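Work through the exercises below with the sequence and the 3D structure open. Try each task before you read its solution.

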Amino acid sequence: IGTFLLNKQGIRWLIKITTLCPYLKGIFCNTWLETLLCLVGEAFDDYSDDVCGAVINVRAKGDKMAIWTTDYENKEAITHIGRVYKERLGVPSKVIIGYQSHADTATKSGSTTKNKFVA
């Protein structure tokens with residue numbers, strides 16, 4: 001509940017490693033390292049301050065990795081961050097990564113959340 005209160009306007013760019021990007025499974029550690037380098041190196045240009053964290057979930061059903069942003073209403077920042085993140089990870093253009101609001105993921109009833117944006 002603490003994360004929700006601190007980031008209630010937040011949203012995440014989510015990559016499902018085993019379902020959307022099976023080719024990443026073999027280089028999972030490098031992908032996580034690149035994610036962290038994007039955060040500390042301020043890779044998102046003028047929108048680096050809009051990124052507030054990253055998370056990795058390693059699970060038997062499928063691994064997930066995401067970066068969190070502060071405000072889902074800043075469409076320009078959102079799309080720029082998603083585009084840069086996808087490029088930095090080397091995700092092929094045909095593979096879609098989704099942008100999901102924290103509020104939607106916190107209140108979802110099923111196992112999936114609808115994407116607000118895709119990159």
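**Exercise 1. How many disulfides does a search of the whole structure find?**

Solution. 
- Step 1: A disulfide is a covalent bond between the sulfur atoms of two cysteines. The search counts a pair of cysteine sulfur atoms within 2.5 Å.
- Step 2: Give the count. The whole structure holds 0 disulfides.
- Step 3: C38 is buried because its relative accessibility is 1%. C52 is at 45%, so C52 counts as partly exposed.

A note on the source: this is a predicted model, in which local features need pLDDT of at least 70, side-chain atom pairs count only at pLDDT 80 or more, and totals for chains, interfaces and linings use all residues. Residues are numbered from 1 along each chain as its sequence is written, and side-chain values use heavy atoms, with hydrogens and water left out.

**Exercise 2. Describe the overall layout of the protein.**

Solution. 
- Step 1: Count the elements. The protein has 4 helices and 5 strands. These are DSSP runs, numbered from the N terminus: helices are H or I with at least four residues, strands are E with at least two.
- Step 2: Along the sequence the pattern is α-β-α-β-β-α-β-α-β.
- Step 3: Check burial. Of the 119 residues, 40% are buried.
- Step 4: Check the surface. The protein exposes about 6900 Å², and carbon and sulfur atoms supply 54% of that area. Accessible areas come from the Shrake-Rupley method with a 1.4 Å probe; for residues, only the protein chains shown count as cover.
- Step 5: Check the contacts. A contact means heavy atoms within 4.5 Å. Take the contacts between residues at least 6 apart in sequence: 63% of them join residues at least 24 apart.

**Exercise 3. Which residues of the largest nonpolar core touch the most other members?**

Solution. 
- Step 1: A nonpolar core is a set of buried Ala, Val, Leu, Ile, Met, Phe, Trp, Tyr and Cys residues joined through side-chain atoms within 4.5 Å. In soluble globular proteins, nonpolar side chains tend to be buried together.
- Step 2: Name the residues. The largest core has 21 residues, and W13, I15, F44, I67, I81 and Y85 touch the most other members.
- Step 3: Find the suppliers. Strand 1 (11–16), strand 3 (64–69) and helix 3 (75–89) each give at least two residues to this core. Helix 3 gives the largest share, 6 residues.
- Step 4: Zoom in on Y85. Set aside its neighbours within four places in sequence. Y85 then contacts W13, I15, T35, F44, M65, I67 and I97.

**Exercise 4. Which residues form the aromatic pair, and how do their rings sit?**

Solution. 
- Step 1: Rings of Phe, Tyr and Trp (its six-membered ring) pair if their centres lie within 6.5 Å; planes under 30 degrees apart are stacked, over 60 edge-to-face, and the rest tilted.
- Step 2: Count. The structure holds 1 aromatic pair.
- Step 3: Apply the rule. The ring centres of W13 and Y99 are 4.7 Å apart and the planes are at 40°, so the pair is tilted.
- Step 4: W13 is in strand 1 and Y99 is in strand 4 (residues 98–101), 86 residues apart.
- Step 5: Check burial. W13 is buried, at 1% relative accessibility. Y99 is buried too, at 0%.
- Step 6: A polar contact of 2.5 Å joins its side chain to that of T69. Such a contact is a pair of N or O atoms within 3.5 Å; within protein, one must be able to donate a hydrogen and the other to accept it, and residues adjacent in sequence count only if both atoms are side-chain atoms. T69 lies in strand 3 and is buried, at 2%.

**Exercise 5. Where is E42 found, and is E42 buried or exposed?**

Solution. 
- Step 1: Locate E42. E42 is in the loop between helix 2 (28–40) and strand 2 (51–57).
- Step 2: Classify E42. At 52% relative accessibility, E42 counts as exposed.
- Step 3: Read the backbone. The phi of E42 is near 50°, a positive value in a residue other than glycine. D45 lies in the loop between helix 2 and strand 2, and has a positive phi of about 55°.

Notes
Buried means under 20% relative accessible area, exposed over 50%, partly exposed in between (1.4 Å probe, protein chains only).
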